[in-house]
Amino acid sequence: MRCSVVAALASLAGCQAGVTLTIDSDRAVPAELDAMCLGIADRDVGGGSFGRSYRLIDRLATLPQTLAVEPGGADAASVWSTGYRAGVVVARGSAGLDFAGDAVVRIDRCPQARGGAAISAAAVAAPAGPAVASHGPGGAVVVAIDASAGAIVDARGGALTTDPLPGGGGDALVAADLDGDCDDDLAIARGGQVEIWWRQRRGFVAGPAVATAAVALAAADVDGDGDLDLITGAGAAVTLWRGDGAGGFAADAGAIDPRGVITAVAALAAGDLDGDGHADLIVGQTAAPVVALLGDPGGTGALTGAPGVFPATARVVAAVVAGDVDGDLDTDVAIAVAGGGPRLFVNRGGLREDRSVDRLPQPAPTAATLAIGDWDGDCQPDLVLAATPAVALHGAGDAPFAVEAELAAAAAVVAVDLDDDGADDRVVLGPAGATWVHR
């Protein structure tokens with residue numbers, strides 16, 4: 001890491017003396033963590049911020065790493081870090097700095113969580129369409145859209161707040177660090193193009209547009225160059241847009257060879273399906289099987305259709321989520337099926353075994369989407385199904401999920417530390433608006 005001072009707030013190791021910030025993880029480098037980003041922001045909304053992404057290679061090929069942070073004019077700062085494996089996010093951590101002592105931010109296998117009963121805060125009006133979490137200066141927010149409107153949902157003082165999203169609604173969105181500064185920007189499919197919106201504190205400002213129509217979006221560093229790329233899908237076409245690290249994207253027409261397995265894209269997600277350290281793509285379709293496009297083991301970023309990774313059963317897919325559902329750190333996949341219960345595809349030697357019947361309560365409720373993540377502090381992944389009502393499921397490794405609680409009716413659900421207290425929460429969005437569920 002090189003010496004740098006940004007807005008009189010942050011200086012990296014070797015610069016002027018200050019408190020020491022340590023970035024650490026219990027994930028092995030590079031087998032479980034091969035890149036990270038670091039963000040630091042003055043708690044004062046008018047103060048400075050610093051953010052940068054790092055590949056964990058050469059001098060940085062191990063954790064912990066330490067930085068000297070000087071306050072400048074800041075009384076306190078927020079620090080956050082995101083850990084990546086094979087081009088996708090696998091861990092997050094945050095900490096506070098009061099400049100009275102040193103601090104540690106951890107990006108561990110098991111996120112911080114809090115036990116106790118689930119508490120639902122009063123709902124606020126918000127769209128009940130697709131929703132994502134965005135992390136950055138000012139903390140985490142949820143962005144929700146429908147065809148006509150968009151909203152930014154946050155938690156302040158124990159209650160939900162909401163602000164309109166600039167530009168209105170859209171068809172699909174993804175939150176990702178699209179310019180390498182460690183905050184989550186937005187890509188939103190609207191009116192025949194994909195608009196980029198840069199994160200600015202708790203809001204967003206307009207960036208460039210990508211001239212393509214899309215019904216589904218995903219983001220990952222598919223070529224391992226440290227810059228996130230965009231993937232767009234519509235009809236029988238999936239297109240890779242290579243990122244330049246500064247927010248620019250260019251289509252790579254020859255990067256994706258679907259091998260004739262894509263007919264009607266409905267949803268996209270990225271994850272390392274075969275464990276080779278390169279990002280792969282999961283494509284959910286309308287009235288066709290879920291399919292995998294596997295990344296080139298040579299790291300070129302090419303993606304090729306791979307029959308047999310998923311069962312060849314035609315489904316009408318509403319959403320695709322990649323994550324670890326059994327606590328073994330492999331990439332599993334969950335899909336929401338229109339008019340039916342969700343399906344869980346658990347990694348078994350690179351193939352995805354359908355474990356829905358023995359892992360999910362039966363009959364499983366029809367869910368529009370779902371969220372994966374440990375939110376009760378036992379280091380085992382849990383699920384929340386966006387259904388009527390939404391259902392929180394407690395995970396116990398490879399054992400069946402157990403119903404923990406019923407929540408407000410939901411068409412979307414997001415796992416996010418909305419109040420920035422270090423413990424994961426859930427935001428469900430449905431007919432009543434947005435409801436914040438925390439412990």
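A salt bridge here is a side-chain nitrogen of Lys or Arg within 4 Å of a carboxyl oxygen of Asp or Glu. With that in hand, let's take a walk through this predicted model, which holds 24 salt bridges.

**Stop 1: Asp-184 and Arg-92.** Select these two and show their side chains: they meet in a salt bridge, 3.5 Å from N to O. Asp-184 sits in the loop between strand 15 (172–176) and strand 16 (185–190), while Arg-92 is in strand 8 (residues 88–97), so the pair ties together parts that are 92 residues apart in sequence. Asp-184 is buried, at 5% relative accessible area, whereas Arg-92 counts as partly exposed at 32%.

**Stop 2: Arg-242 and Asp-252.** Here the closest N and O atoms of the salt bridge are 2.6 Å apart. Arg-242 belongs to strand 21 (residues 237–243) and Asp-252 to strand 22 (residues 249–252), so this bridge ties together parts that are 10 residues apart in sequence. Arg-242 is partly exposed, with a relative accessible area of 21%, and Asp-252 is partly exposed too, at 23%.

**Stop 3: Arg-343 and Asp-354.** Next, pick out this salt bridge, at 2.9 Å from N to O. It runs from strand 30 (residues 343–348) to strand 31 (residues 351–354), so it ties together parts that are 11 residues apart in sequence. Arg-343 comes in at 22% relative accessibility, which counts as partly exposed; Asp-354 is also partly exposed, at 28%.

**Stop 4: a network.** Now select Asp-326, Arg-348, Glu-353, Arg-355, Asp-358, Arg-359 and Asp-398 together, and you'll have a linked network of salt bridges on screen.

**Stop 5: Asp-280.** Leaving aside neighbours within four places in sequence, Asp-280 is in contact with residues including Ala-269, Gly-271, Leu-293 and Leu-303.

Stop 6: Finish at the second largest pocket, with about 440 Å³ of space. To centre your view, select Ala-35, Arg-55, Asp-221, Gly-224 and Gly-226, which are the closest to its centre of the 28 lining residues. Colour strand 4 (35–42) and strand 5 (49–55), the elements that give two or more residues to the lining. Strand 5 supplies the largest share, three residues.

Conventions: Residues numbered from 1 in each chain as written. Predicted model: local features only at pLDDT ≥ 70, side-chain atom pairs only at ≥ 80, totals over all residues. Heavy atoms only, no water. Contact = heavy atoms within 4.5 Å. 1 Å grid on protein atoms, 1.4 Å probe; cavity = no way out; pocket = protein on both sides within 12 Å on 5 of 7 lines; lining within 4 Å. Points joined across faces, edges and corners; volume = space filled by probe spheres on them. Helix = DSSP H or I, 4+ residues; strand = E, 2+ residues; numbered from the N terminus. Buried < 20%, exposed > 50% of the residue type's maximum accessible area, 1.4 Å probe, protein only.
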